[in-house]
Amino acid sequence: MTSSAPGDTSTDIHTTPRLLIIGAPGAGKGTQAVRLAEAYRIPAISTGDIFRSNVKNETELGKQAKAFMDAGDVVPDSLTNALLRSRLAEADADSGFLLDGYPRTVQQVGELDDILAGQGVTLDAVIELDADPEVVVDRLRTRAGLEGRSDDTEEVVRHRLTVYREQTEPLIAIYGDRNLLVTVDALGEVDEVTARITEALARVGIVVAPDTAVGTAAN
Ligand code: ADP
């Protein structure tokens, strides 16, 4: 066990983590990412959200990405990698981050390795949100009605699941081999899943920022 005097930040060995969250479309990555970012005091960086806001604002990047997104295909690396590289270079990602939606392909794993090596840092853990594909299709059908995302139609959802299986699922084995994988059951209440993730991360030594821990009476 490690410890430091309360309030003594100069010798506090606690650092904010560098995390990835991986899972099938509809597994709840975005929902959990926002909550985890708050708990660990790190920015949640979602490539899907960045692309969607570019589409909405009709930027050049958005115009180029839109057709791929609407079809449920991955946006080409030529557009995605530069975007991620510049986002990770921003100051708020200096001491930690939670990436949601990147890397999505084996090639992007190599790109991320390269970016992090350039910064002299490494990943702390990769969260796998594990969910039954039939359940996620159902969730996405509901979300299509609620949010009107153009890539949530039944046909596109099925295609996104296939793309996930073919291109993203191999990442699970890669990060498993690196001993970074923390697998969590994605089914259940949102709070329950968040608690499962934070507990699983705590078991590998990644703990929430002390002053955000529930029940602390700091100050
Ligand atoms: P999902 O519900 O599948 O997790 P996201 O919100 O992460 O969806 O992404 C939506 C779409 O944005 C994807 O289908 C893809 O077209 C594009 N996209 C997001 N991240 C990436 C990435 N890392 N590489 C390529 N395309 C991406």
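Modeller: Before we start, a word on terms: contact means heavy atoms within 4.5 Å, while helices (H or I, at least four residues) and strands (E, at least two) are DSSP runs, numbered from the N terminus. This is a predicted model, in which local features need pLDDT of at least 70 and side-chain atom pairs count only at pLDDT 80 or more, whereas totals for chains, interfaces and linings use all residues. Residues are numbered from 1 along each chain as its sequence is written, and side-chain values use heavy atoms, with hydrogens and water left out.

Colleague: Fine. Which residues of α5 and α8 meet?

Modeller: From α5, V106, V109 and L112 meet P170, L171, I174 and Y175 of α8. By class, this contact has seven nonpolar residues and no polar or charged ones, where Ala, Val, Leu, Ile, Met, Phe, Trp, Tyr, Cys and Pro count as nonpolar, Asp, Glu, Lys and Arg as charged, and the others, Gly among them, as polar.

Colleague: And at what angle do α5 and α8 pack?

Modeller: Helix α5 (residues 106-119) and helix α8 (residues 170-177) pack at about 40 degrees, with their axes 9 Å apart; axes are lines fitted to C-alpha atoms, for helices over the stretch in contact, and angles run from 0 to 180 degrees between N-to-C directions. The two helices, α5 and α8, are therefore oblique to each other, given that angles under 35 degrees count as roughly parallel, over 145 as roughly antiparallel, 65 to 115 as roughly perpendicular and the rest as oblique.

Colleague: Let's turn to the sheet. In what order do the five strands come?

Modeller: The order is β2-β3-β1-β4-β5, in an open sheet with parallel pairing; two strands pair if DSSP finds at least two bridges between them. At the edges are β2 (44-46) and β5 (181-185), each of which pairs on one side only. From one strand to the next, the twist averages 25 degrees.

Colleague: Where does α8 touch the sheet?

Modeller: Helix α8 packs on the sheet against β1 (18-23), β4 (125-130) and β5, and its direction makes about 145 degrees with that of β1.

Colleague: What about β4, how many of its residues are buried?

Modeller: Five of the six residues in β4 are buried, that is, under 20% relative accessible area, with exposed meaning over 50% and partly exposed in between (1.4 Å probe, protein chains only). Five bridges pair β4 with β1 in the parallel sense, and L19 stands opposite A125 there. Another five bridges join β4 to β5, where I127 stands opposite V182.

Colleague: Back to Y175. What is Y175 in contact with, beyond its neighbours within four places in sequence?

Modeller: Y175 is then in contact with L20, I22, P103, V109, L112, L123, V126, L180 and L181. Y175 is also among the residues that touch the most other members of the largest nonpolar core, which has 48 residues; such a core is a set of buried Ala, Val, Leu, Ile, Met, Phe, Trp, Tyr and Cys residues joined through side-chain atoms within 4.5 Å.
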